[in-house]
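Open the model in a viewer with a cartoon display and keep the selection tool at hand. The stops below go from one side chain out to the elements around it.

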Amino acid sequence: MTSKFTELAIDCADPHGLARFWCAVLGYVVQDEDDGTVTIGSPAVPEGRDRPGPVPPTLTFARVPEGKTVKNRLHIDVNPTDMDRDEEVRRLLDLGARHADVGQGDERWVVLADPEGNEFCVLADRCP
């Protein structure tokens, strides 16, 4: 028996704002929200604990009082589905992302930060 990766919890100052950003990035929708937390996920995945096989993870944004202070120890990688990497980077910058330098040097991926400074990578040619 094993576990499935089903959710990534992200601390933030503005759960609704960050949820809007990541919904636009991933094509996700808001699945649940209550005071201080917003959960988003793929609209194509059926709900339920017993769904078989791998599933796209949900992202849950939880309001916390402290701000981000250092480089993420864990980050999200995204792969463009219908455009090349540079076009996707431009789209994400227009959504509110910004370039980030985490010491990556000259790589095939581009490191960006979401509106609250959480780093993520836009990959060029790697598929899950």
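Start by selecting Arg 63. Arg 63 is partly exposed: its relative accessible area is 43%, and that value falls between the limits of 20% for buried and 50% for exposed. Keep in mind that this is a predicted model. Arg 63 belongs to strand 4.

Next, show the surroundings of Arg 63. Leaving aside residues up to four places away in sequence, Arg 63 touches Cys 12, Ala 13, Pro 15 and Gly 36. Which atom of Ala 13 lies 3.4 Å from a polar atom of the Arg 63 side chain? The backbone oxygen of Ala 13 does. Then draw a distance between the C-alpha atoms of Arg 63 and Pro 15: the separation is 5.9 Å, although the two residues are 48 residues apart along the chain.

The open sheet consists of four strands in the order 1-4-3-2, with mixed pairing. Strand 1 (7–12) and strand 2 (29–34) are at the edges, and each has a single partner strand, so one side of each lacks a neighbour in the sheet. From one strand to the next, the twist averages 20°.

Select residues 37–41 and 58–63, which are strand 3 and strand 4. These strands run antiparallel and are joined by four bridges. Within this pair, look for Thr 37, which stands opposite Ala 62 of strand 4.

Show the side chains of helix 1. Its buried residues are Pro 15, Gly 17, Leu 18, Ala 19, Phe 21, Trp 22, Cys 23 and Val 25. Pro 15, listed there as buried, is also one of the residues that Arg 63 touches. Step just past helix 1 to Gly 27, where phi is positive, at about 70°.

Finish with the cysteines. Cys 12, another contact of Arg 63, counts as buried because its relative accessibility is 2%, under the 20% cut-off. Select Cys 121 as well: at 8% relative accessibility, Cys 121 also counts as buried. How many disulfides does the structure hold? It holds zero.

Key:
Residues numbered from 1 in each chain as written. Predicted model: local features only at pLDDT ≥ 70, side-chain atom pairs only at ≥ 80, totals over all residues. Heavy atoms only, no water. Pairing = 2+ DSSP bridges. Helix = DSSP H or I, 4+ residues; strand = E, 2+ residues; numbered from the N terminus. Axes fitted to C-alpha atoms, helices over the stretch in contact; angles between N-to-C directions. Buried < 20%, exposed > 50% of the residue type's maximum accessible area, 1.4 Å probe, protein only. Contact = heavy atoms within 4.5 Å. Polar contact = N/O pair within 3.5 Å; in protein donor to acceptor, adjacent residues only side chain to side chain. Disulfide = S-S within 2.5 Å.
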